[in-house]
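Here is a walk through one protein model, taken sheet by sheet and then on to a helix pair and a pocket. Keep the structure open as you read.

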Amino acid sequence: MKKQIIITVIFFLVVAGAIKWGDIVNRYEIGILDFLRYSSPLTEEEKDYLSNNTVLYGIDVNDAPFAFVAEETGQNTGILVDYFNQLSITLEGDFQPVVAEGINVALRLKDGDTDSAIVKKTRLNEKVFLYTQPLYTERSKVLVEGDSDFDNLKDLSNLSIAVISGSSAHHAANEFFKEANNVRLVLTADLNESFYLFGTDEVDAIIGDEAKISYFLNSGIRSNRFKFLEEPILEEDVSMAVRPDQTMLFNILNKGILEMKRTNQYSHINSKWFGSFIPEIDDSTETGRGVNLFLLVMATVFALLIWVFTVRSQVNQRTMELAESREELRELVDSLRDGIIVTGGDGVIQVCNNSVLDFLGLNKDAVIGKKPEDIKELIPFLERAGGSIIYTKDDRDYLIYRRKLNQSSSNDLIFIDDYTDRHRVENLRSQESKMIAVGELSAGLAHEIRNPLGLIKSYLYILKKKISGEDETGTHAIKVMDDSADRINSLIENLLGFSRLSMEHSENVNLRQVVDSVISLEEPRFRKNQVKVEVNYDLPNGEILKLNSDVLKLCLVNLINNSLDALKESQKEEKSIHINIKDASGNLNIEFRDNGKGIDSENLETIFNPFYTTKDDGTGLGLYILQSEMRRIGGSISAESKEGEFMKFIISLPIEKEENHE
């Protein structure tokens, strides 16, 4: 759109410039460069020239109405004299006439008797003088009766035309009518003779200078029963001539003439001399007003076009933004896991996202434009609308809501909430709450059990003293009971240890004892599933390390439980778990490996995601919680596997620096 506006601006400027250029050339008969040059004010040097010099201009005294001597006053007068008088006013200089006759006007200018003169522009004169822009245009036209049928030069035929012998009109008429149909030229000495022949019907028309004929008609006959044919047979520009060495005066005269044209002084002077029968005159003021009005209209149209382009650009921009916003909103709605259906006031579905189509197993054509009650796959969802009843479909849980889209709208919104993950989390939280309660109860029971267990140990000691060495059965029974009591006490110690998990701080712990306590708790399951457990230690700094034992226990318990579940389904003859523990570079590195069923590479990257599980009764949170705890304390856990062969976890647990304790 900006490109279109720029092109429009350039086009307007070019067209406006061309029109204005053409107007200047037509109105002032001058080129655009000369117009710009002569439109500038007089320089200080030019003003000094006019102040210190009287400009003498030569005129032909026998060229009425342009220049002649008035009989009643004996003063030089005429159109040209008035032109120069007005020029002296415009330029604020002193211009005085010098009279001569015919060719003498040019000769006196050449000899330096005058500074300027009205001299016709011929090829010879152009080599001798500099010519200003035209003062006026001399037109030779044909004058006929007002009721004549002739309107154009091409219509003239079978008539006689009077023309002054030797005049410019005479030479032009010879050339123009040499092939005309029966047009005869009658030569006369002056206009008086021409009009005499015209009045006595000896000729049918007169050819001559339009201005001179008009002046003759106004001053003598004063009749409006004549008319000029519009097309001239000759047009000659009348200009001022100066000598080539008078370049400053040349520029001064051009500036004054242009200013007179711009202020339309010529029309006022011509009206004075021609009265009611005014010849054709270029009215630069009216022409300029017309051109300026046209340019104003063009500028207005151009401004409207720019405004239209701008508004259209803004509308297009807003439309695109709206379309993009609607597309983004549609993509956002489609990306939601929850289903959204919007119905219109007529109950017909207008909008639905991709989740709805997935729930229903349908495409958009089967849903859009239909009422929800007419879609059988949607009816079970609608029957449970209200948000209080869970609807289970394909192992997914849903809550359904139906309400008005907003208070002022008649549209309905059906929202199908995929409640599955939250449902699992809520169940897990409920289970965790139960486990917490069980843990608290277990801790209390453990304390209660230890009291009678202490009594049992005491009385076993007494019984052991009472039985003699010869009673092998009694001795063996006492030993078995004593060992069982120790076993119960060990289990209670481990249970109490787990009930005190805090996961908040590091402490100095005996690493081997912590690991062995976890292994001993799981010993019955190892025996039951025939799993061999091997633990290797590489502890160059000793077994006492400062670390978060709670996270370590959580890690071992989770990994052991996962391995036991995997090995339980394994058909291998030898089932094993290998745990390699190494103190290295301020971290406790643990490599935990089993030879169970493993996992495929595609799912290996997702095992730490919440709710991902391969077990039917699993929650999918064990490894996620373990990874979260590792990250919280600055540790890490990663996994490697080969399906059907092994599963390996690599754990890095931070060790805080502190002196080792024996």
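Start with strands β23 (residues 587–594) and β25 (residues 646–654), which pair in the antiparallel sense over 8 bridges. Pairing requires that DSSP finds at least two bridges between two strands. Strands here are DSSP runs of E, at least two residues long, and helices are runs of H or I, at least four long; both are numbered from the N terminus. Within this pair, Glu 591 stands opposite Ile 650 in β25.

A word on the numbers. Residues are numbered from 1 along each chain as its sequence is written, and the model is predicted, so local features need pLDDT of at least 70, side-chain atom pairs count only at pLDDT 80 or more, and totals for chains, interfaces and linings use all residues. Side-chain values use heavy atoms, with hydrogens and water left out.

Now widen the view. β23 and β25 belong to an open sheet of 5 strands in the order β20-β22-β23-β25-β24, with mixed pairing. Its edge strands, β20 (531–538) and β24 (636–642), each pair on one side only. The twist averages 10° from one strand to the next. Such angles run from 0 to 180 degrees between N-to-C directions, with axes fitted to C-alpha atoms, for helices over the stretch in contact.

Two helices lie across this sheet. Helix α17 (residues 511–521) lies across β20, β22 (575–584) and β23, and runs at about 175° to β20. Contact means heavy atoms within 4.5 Å.

Turn to another open sheet of 5 strands. Its order is β15-β14-β18-β17-β16, and the pairing is antiparallel. At the edges sit β15 (349–352) and β16 (391–393), each pairing on one side only. Neighbouring strands are turned by 25° against each other on average, direction ignored. Inside this sheet, 5 bridges join β14 (residues 339–343) to β18 (residues 412–418). Val 342 stands opposite Leu 413 in β18.

Next, a helix pair. Helix α4 (residues 79–91) packs on helix α10 (residues 247–262) at an angle of about 100°, with the axes 9 Å apart. That makes α4 roughly perpendicular to α10, a label that covers 65 to 115 degrees. The α4 side of the contact includes Tyr 83 and Leu 87, and the α10 side includes Ile 252 and Met 260. By class, the contact has 7 nonpolar, 3 polar and 1 charged residues. Helix α9 (residues 210–221) gives the most to the lining of the second largest pocket, with 5 residues.

Notes. Parallel < 35°, antiparallel > 145°, perpendicular 65-115°, else oblique. Nonpolar A, V, L, I, M, F, W, Y, C, P; charged D, E, K, R; others polar.
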